[in-house]
Amino acid sequence: MASSVFPRSTPILSSTTIRRRLPLVGAFCMLSLGLYNTCPTTISSSLKTTISSSLKTGNALSLSFIPLLRTKFCSSRAAATKASNIRMEGSSDTVPSIVVYVTVPNREAGKKLAHSIVKEKLAACVNIVPGIESVYQWQGEIQSDAEELLIIKTRQSLLEALTEHVKANHEYEVPEVISLPITGGSIPYLKWLKDSTRD
């Protein structure tokens, strides 16, 4: 009797359709909320209003603003990187510079190698970081050793000479020599780095 008084209404969407669309709706809401909350100064007030009203009403929001955001964010990031590179390359007081990591077995070996590197003007400065532990694979077995880390600041053009010096003065059969570019920083420091190393 109750079924005739309150007939079952047919669902607007099947449960399968809802399950398929729910992750997309959730992802879109997270994207919208993230853009709205984390970039208050970058997103225009009209876009904020559009996102807010779409979230409140449940209406789908056109993704036509994505290229606009991509242009806005990417262009500002590219401009900042370009400005940094121009600043580095445009200064005759600096040269392309790198940071080099070299691990050593103990403090004595690290100090000896660091002194020889600076004495030969292969680097302006070497930091010795104690108390690291390295886990690595060697000759088919996992090894774990206490080591110290040398952080070497030098010119990019000296990498090959520095690598040869490390290989000739290191007790490891295959010493670590890894370089990372310095893309910016204090110009007076980078000038000092240039002046403290050989050409």
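The following legends describe close-up views of a predicted model. Local features require pLDDT of at least 70 and side-chain atom pairs pLDDT 80 or more, whereas totals for chains, interfaces and linings use all residues. Residues are numbered from 1 along each chain as its sequence is written, and side-chain values use heavy atoms, without hydrogens and water.

**View 1. The aromatic pair of Tyr 189 and Trp 192.** Rings of Phe, Tyr and Trp (its six-membered ring) pair if their centres lie within 6.5 Å; planes under 30 degrees apart count as stacked, over 60 as edge-to-face and the rest as tilted. The count by this rule is 1 aromatic pair. The ring centres of Tyr 189 and Trp 192 are 5.3 Å apart and the planes stand at 45°, so the pair is tilted.

**View 2. Tyr 189 and Trp 192 within helix H7.** Tyr 189 has a relative accessible area of 34% and is partly exposed (between buried, under 20%, and exposed, over 50%; 1.4 Å probe, protein chains only). Trp 192, at 38%, is also partly exposed.

**View 3. The largest pocket.** A pocket is an open set of points on a 1 Å grid over the protein atoms alone, where a 1.4 Å probe fits, with protein on both sides within 12 Å along at least five of seven lines; lining residues have an atom within 4 Å of a point. The volume of the largest pocket is about 270 Å³, taken as the space filled by probe spheres set on the points. Its lining includes Thr 103, Trp 138, Asp 145 and Glu 176. Strand S2 (125-138) and strand S3 (141-155) each give two or more residues to this lining (strands are DSSP runs of E, at least two residues), and S2 supplies the largest share, 3 residues.

Conventions: Helices (H or I, at least four residues) and strands (E, at least two) are DSSP runs, numbered from the N terminus.
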